[in-house]
Amino acid sequence: ESTLEKLRNIKCSKKEEAQFYNNLKRIGYNSKFKINIIKAFQRRFRQELVNGKIDKECLIISNNLAKKFV
């Protein structure tokens, strides 16, 4: 878990943000309000920091979850 915490607050590129949203759709998060989906995801899977911003830590968590749902 310390590896994930090191990636916290590291900004994602536009391509990685698109990948994050695709992962959320696979998992089952759907909303036209992106900030709300990000916060809901963070409340469920990363309670330590719920700021509504996509970072590398969120991206990796969503990648791992999307792999389980495929």
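Visitor: What makes α2 and α3 partners in contact?

Guide: In this predicted model, Phe 20, Tyr 21, Leu 24 and Ile 27 of α2 meet Ile 37, Ile 38, Phe 41 and Lys 34 of α3. Contact here requires heavy atoms within 4.5 Å. By class, seven of the residues in this contact are nonpolar, none is polar and one is charged.

Visitor: Why are α2 and α3 called roughly perpendicular to each other?

Guide: Their packing angle is about 65°, and their axes are 12 Å apart. Angles of 65 to 115 degrees count as roughly perpendicular, so α2 and α3 are given that label. The crossing of α2 and α3 is left-handed.

Visitor: Which residues make the contact of α2 with α4?

Guide: From α2 come Glu 16, Gln 19, Phe 20, Asn 23, Arg 26 and Ile 27. From α4 come Lys 56, Cys 58, Leu 59, Ser 62, Asn 63, Leu 65, Ala 66 and Phe 69. Sorted by class, they are seven nonpolar, four polar and three charged residues.

Visitor: What makes α3 roughly perpendicular to α4?

Guide: The axes of α3, residues 34-45, and α4 cross at roughly 75° and come within 11 Å. That angle falls in the range of 65 to 115 degrees, which means that α3 is roughly perpendicular to α4. Here Phe 41, Gln 42 and Phe 45 of α3 touch Cys 58, Ile 61, Ser 62 and Leu 65 of α4. This contact has five nonpolar, two polar and no charged residues.

Visitor: Now to single residues. How do you know whether Arg 26 is buried or exposed?

Guide: Arg 26, which lies in helix α2, has a relative accessible area of 52%. Exposed means over 50%, so Arg 26 is exposed. Arg 26 still has contacts beyond its neighbours within four places in sequence: Ala 66, Phe 69 and Val 70.

Visitor: Why does Asn 9 count as exposed?

Guide: Asn 9 has 58% relative accessibility. The cut-off is over 50%, so Asn 9 counts as exposed. You will find Asn 9 in the loop between α1 (2-6) and α2. Asn 9 has a positive phi of about 70° although it is not a glycine.

Visitor: For the chain as a whole, how do you know that the radius of gyration agrees with a compact globule?

Guide: A compact globule with 70 residues would have a radius of gyration near 11 Å, and the protein chain has 11 Å, so the two agree. The C-alpha atoms fill a box of roughly 30 × 25 × 25 Å along the principal axes. Buried residues are 34% of the 70, where buried means under 20% relative accessible area.

Visitor: What are the elements of the protein chain, from the N terminus on?

Guide: They run α-α-α-α, with four helices and zero strands. Among contacts with a separation of 6 or more, 55% are between residues 24 or more positions apart.

How values were computed
Residues numbered from 1 in each chain as written. Predicted model: local features only at pLDDT ≥ 70, side-chain atom pairs only at ≥ 80, totals over all residues. Heavy atoms only, no water. Helix = DSSP H or I, 4+ residues; strand = E, 2+ residues; numbered from the N terminus. Nonpolar A, V, L, I, M, F, W, Y, C, P; charged D, E, K, R; others polar. Rg over C-alpha atoms; globule rule 2.2 N^0.38 Å. Buried < 20%, exposed > 50% of the residue type's maximum accessible area, 1.4 Å probe, protein only. Axes fitted to C-alpha atoms, helices over the stretch in contact; angles between N-to-C directions. Parallel < 35°, antiparallel > 145°, perpendicular 65-115°, else oblique. Left-handed = near helix turned anticlockwise from the far one by under 90°.
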